[in-house]
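This briefing looks at how the parts of the structure shown below meet one another. It takes the contact between the chains and then a contact between domains.

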Amino acid sequence: MTITEAAGLTDARIKELVEDELIWTAGVDAPAIGVAVTDGAVTLTGEVPYYWHRHTAAKAVLRMRGVQAVANEITVRGSHDTPTDTEIAAAVAQALTWSSRIPTGEIDAEVHDGGVVLTGQVSWDTTRRGAEREIAALKGVQWVDNRITLAPRASAADTRTRITAALERNALTDAEAIHVHVDGTTAILTGEVRSYDAKHQAELAAWGSPHITEVRNNLIIHTHATQVQP
Amino acid sequence: MTYVQGKVPTDTAIQQMVEDELASIPGLWQTQIGVSVGGRVVTLSGDVTTLQQLSAATAAALGVTGVQAVANDIQIRALHHAPTDTVLAEAIVQRLAWNATVPDGAVSVVVHEGNVILTGEVRWEFQRRVTESSIRHMRGVRWIDNRITLTPREPSLRIREHIHAGLGRSALTHGCPIDVTVADGTVTLSGFVPSHQAKRHAERIAWNEPHVAAVVNELEIGHRVPGAP
């Protein structure tokens, strides 16, 4: 069964809903964004002034009922006040230095034509994500290539149990529907979740383990009809 | 039954789960924060050194199954090498100027002993929220008092209808028994959602409607009695 059938929505209906959502989402310039839907997978196209707008549009769509995947083909065209690479590099350096979630000096950034490549090694995935988020929010940034690596970690026998416990604690994730397989320091998540947020939370839960260096998030978003209208 | 989420955890179980969840936050010492629970409301206490740690602890506690609300008694201790207020204020102004979401020149910043007061007027609630979140992770920021106001908005008769449509499109809130009432541009959300994330998302959805002046979020997290109306 495909997601489209599960949610009771045809591609044409999803396209309509996505367009409504984009019109309605504050911070998204809906007329600039094109929407195509095939088998529940949404492709976004068009041009926006800032990288962050591209992210906002995709995130709004990912959170919708009936949407399983989003291909983000929106490009960043820049704005009238597009800064130079040197200016961007200075802003990136400032953002990294001032961030209390990034240990000083662990992350390097290289800017080329508005694209930012992040390198370095950190202890936690959340630090790596945090760095990317700080940089993605900056004006003038066209794309971010996050090549930050994690410090090597030892595997542990109880990793799977601990990740499953974290999934049980989380209000969004149904631990019984998520299968966790741990192979050395790689966690593989399979099964079904109800929303993009649940899929994301499950991945974060796996990353919460100090013995994981890779997470393969193979969870499928499946809008079940278990939440019914009263 | 509206929600099938298993049984509601006891306060003792919630306390253990919150402690485990806090232990999994990188950079936070497990012993730094005390957790007490009464009636599914979690009180956090203790000392941390950054606002980011405080936010992370609060978010982690709110995300735990069964938690209804979090009361935050965590204190932020001064850093040993805290930047001066002048240096911090300059860095904040720079940060806001570079942020793609914060409107240029709309927000003023006052810093006193690491406490930041934001004032000004923006058009959208998400701009107000992002202004705050974009500086929350900065070194030396101990507290943020967000006094940014919204540009006055024209009333509309279709607020309720639009918000219901938005709630229906979202994977997190679709199908939840949410009541939307509107009075003078103030939207009140009541009813039930399964998680704190869904509660927060519902509020953001309400704020997306351009005619909303205020949102009162009375949503409860949890379960409806089977067969209840």
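In this predicted model, chain B and chain A bury about 4,500 Å² between them, and carbon and sulfur atoms give 54% of that area. Of the area that chain B buries against chain A, Trp98(B), Arg139(B) and Arg169(B) supply 21%, more than any other three residues.

**Between chain B and chain A**

- The contact brings together 52 residues of chain B and 49 residues of chain A.
- There are 26 residue pairs in polar contact between the two chains, counting pairs with both residues at pLDDT 80 or more, and the side of chain B that touches chain A divides into 22 nonpolar, 21 polar and nine charged residues.
- Helices H1 (11-23), H3 (85-98), H5 (159-169) and H6 (196-208) of chain B each give two or more residues to this side, and H3(B) gives the most, with seven residues.
- Five salt bridges are counted between the chains, one of which joins Arg169(A) to Asp20(B), with the closest N and O atoms 4.0 Å apart.

**Between domains of chain A**

- Chain A is assigned domain 1 (3-76), domain 2 (85-150) and domain 3 (159-221), and the centres of domain 1 and domain 3, taken over C-alpha atoms, are separated by 26 Å.
- Six residues from domain 1 and four residues from domain 3 take part in the contact between these two domains of chain A.
- About 510 Å² is buried between domain 1 and domain 3 of chain A, and on the domain 1 side Leu62(A), Arg63(A) and Gln68(A) lose the most area, together 73% of what that side buries.
- One salt bridge is counted between domain 1 and domain 3 of chain A, and the side chains of Arg63(A) and Asp197(A) meet in a salt bridge at 2.6 Å, N to O.

Terms used
Residues are numbered from 1 along each chain as its sequence is written. Chains are lettered from A and ligands numbered from 1 in the order in which they are written. This is a predicted model: local features need pLDDT of at least 70, side-chain atom pairs count only at pLDDT 80 or more; totals for chains, interfaces and linings use all residues. Side-chain values use heavy atoms; hydrogens and water are left out. Contact means heavy atoms within 4.5 Å. Buried area is the accessible area (1.4 Å probe) that two parts lose on being put together, summed over both. A polar contact is a pair of N or O atoms within 3.5 Å; within protein, one must be able to donate a hydrogen and the other to accept it, and residues adjacent in sequence count only if both atoms are side-chain atoms. Helices (H or I, at least four residues) and strands (E, at least two) are DSSP runs, numbered from the N terminus. Ala, Val, Leu, Ile, Met, Phe, Trp, Tyr, Cys and Pro count as nonpolar, Asp, Glu, Lys and Arg as charged, and the others, Gly among them, as polar. Domain bounds come from an automatic or database domain assignment.
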